Each structure stands twice: as structure tokens, then as C-alpha cells.
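New notebook page, new structure.

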Amino acid sequence: INELVDADAGTITLGSNVEIGYYDQEHHVLHTEKSLFDEISDDYPYLTNTEIRNVLAAFLFTGEDVFKRISDLSGGERGRVSLAKLMLSNANFLILDEPTAGLDPKERVRFRNILSGLSRDKLVLLSTHIVSDVESVANRILLLKDRKLLCDTVPSLCGQLEGKVFEIALSENGAEAFEKAQCILEKRQEGDVTLFRFLADRAPPGAKPAAPKLEDVFMRTYG
């Protein structure tokens, strides 16, 4: 889409007013020798000091933190600086490559909240293998399999599995045979009991229905 890699086939046509902003997980757009403040002021010299501080504050950098060197930041903090630069750009179509990869849970939540804010006036295309991030921020999902593309909303995709996801608790004696016979979505051990979450057309004896999750859709599609 952003012409960094040649297409295997087909064509992509962008609208006349579409401008792409690309977030790569290696943060190549950042200058590690600079401070956060200088990173913004050098790229956007028309901003006042107050405006720069306000922008960085929106991405959770306040006080003396704005003078930290990029090289001293964590991966999540660098990601937030990259997003701040994308927000300031004229880009209205943001392509984000694995933005939460390697982040701790707290930083991932911060990131997801920022992404939700950016999507108010920009189109955000998020490429990730972390299903919970998709479920938290996306309102439409693209699934690619066997050269076919499926696009739908999260509720609609999960709704396709309504009445087909179940949970059951089994002792060691029955767990092994059950696992071999069923399409298992999730397995968890609790003491002497194994808890299974699985797909089936109808509930076997002892199973109870469970609400479908986006992860169940991924498992059915790619499992």
C-alpha cells in the first residue's frame, strides 16, 4: 500500500486526498541522538514551545520527560513519540505495523487508548498478531486466507459462532480423549480438572455455552 514492498499482483488506488503515514516497529523515523522536544520541534518548527509540550502531554510525556533522549526511551515510549509525529503530519491514512509488539501490559493499554483517539479523524490500518489489541480498538476486521479477503465487524464475526462455542470441565480420565475428539480453542488446568473451551455444532453432555470471542474466530479461520 505504501510502496515499500512491491506487490505480488493487483493494483491499489488511493483517493486524491489520501496521504499515508507509516509506523514501523523499528521506529526508523526517530533520531536517537535527539531529545523528545527536539524531535518534534525540528520536524515542526512552526510549533511554539507550549504547543510542543501540549502535544507530548497528549502522549503522556510531561515535565522534564520531554527532554529525555530518544535513545534512553523504552520501546513503548518510542512508539508514542512516533505516533505523536504521525498525528502532527498531514497523514489521514495511518498504517501501523505491529505497534504493540514487545510492550508490557500497561504500555499496551496506553497505546490502545491513543490509537482509539487517533481513529476519530484518521483511517487506521493496524497489522498485528495480538488479537486482544484488535478486539479493543478495531471496528472492522480484515482476515486474509487463501488469497481471499474477508472484511466485517467484530460483533458480526463473533456472531457467526453464536451457539457453537462451549466450555466443559473434565477429570484427567476423560480429558485426553475429549481433546483428541474436539476442536479445542483453549485449555486450562485447575487442580485435578482440565477446563476446555471448544467449537462444536451442539453441546456434548456436561458442556455449557460460552460467548464467542474474536480469538475464537481466528482459531476457526486459521487453526
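Predicted model: local features only at pLDDT ≥ 70, side-chain atom pairs only at ≥ 80, totals over all residues.

Entry 1: I followed the two strands next. E7 and E8, the latter covering residues 193-199, run antiparallel and are joined by seven bridges. I then traced the rest of the sheet. It is an open one of four strands, ordered E7-E8-E6-E9, with antiparallel pairing. Why does one side of E7 and one side of E9 lack a neighbour in the sheet? Strand E7 (183-190) and strand E9 (208-209) stand at the edges and have a single partner strand each, so one side of each stays without a neighbour there.

Entry 2: I went looking for positive phi values. Most residues other than glycine have a negative phi. I noted two residues here.

- Glu3 has phi near 65°, positive even though the residue is not a glycine. I found Glu3 in the segment before strand E1 (20-23). Buried or exposed, I wondered about Glu3? Glu3 is exposed, at 73% relative accessible area.
- Asp146, also not a glycine, has a positive phi of about 55°. Asp146 sits in the loop between strand E4 (141-145) and strand E5 (148-152). Asp146 is exposed too, with a relative accessible area of 65%.

**Entry 3: the whole chain.** Time to step back. I get eight helices and nine strands for the protein chain. Along the principal axes, its C-alpha trace spans about 70 × 45 × 25 Å. I also checked the radius of gyration: the chain has 22 Å, whereas a compact globule of 223 residues would be near 17 Å.

How much of the chain is buried? I have 38% of the 223 residues down as buried. The protein chain exposes about 13500 Å², and 49% of that comes from carbon and sulfur atoms.

**Entry 4: contacts and charges.** I looked at contacts between residues at least 6 apart in sequence, and 65% of them join residues at least 24 apart. Then I went through the charges: there are 26 positive and 36 negative side chains. The centres of these two sets lie 5 Å apart.

Note on methods: Residues numbered from 1 in each chain as written. Heavy atoms only, no water. Rg over C-alpha atoms; globule rule 2.2 N^0.38 Å. Buried < 20%, exposed > 50% of the residue type's maximum accessible area, 1.4 Å probe, protein only. Contact = heavy atoms within 4.5 Å. Areas by Shrake-Rupley, 256 points an atom, 1.4 Å probe, with all protein chains shown as cover. Lys, Arg positive; Asp, Glu negative; His and termini not counted. Charge placed at Lys NZ, Arg CZ, Asp CG, Glu CD. Pairing = 2+ DSSP bridges.
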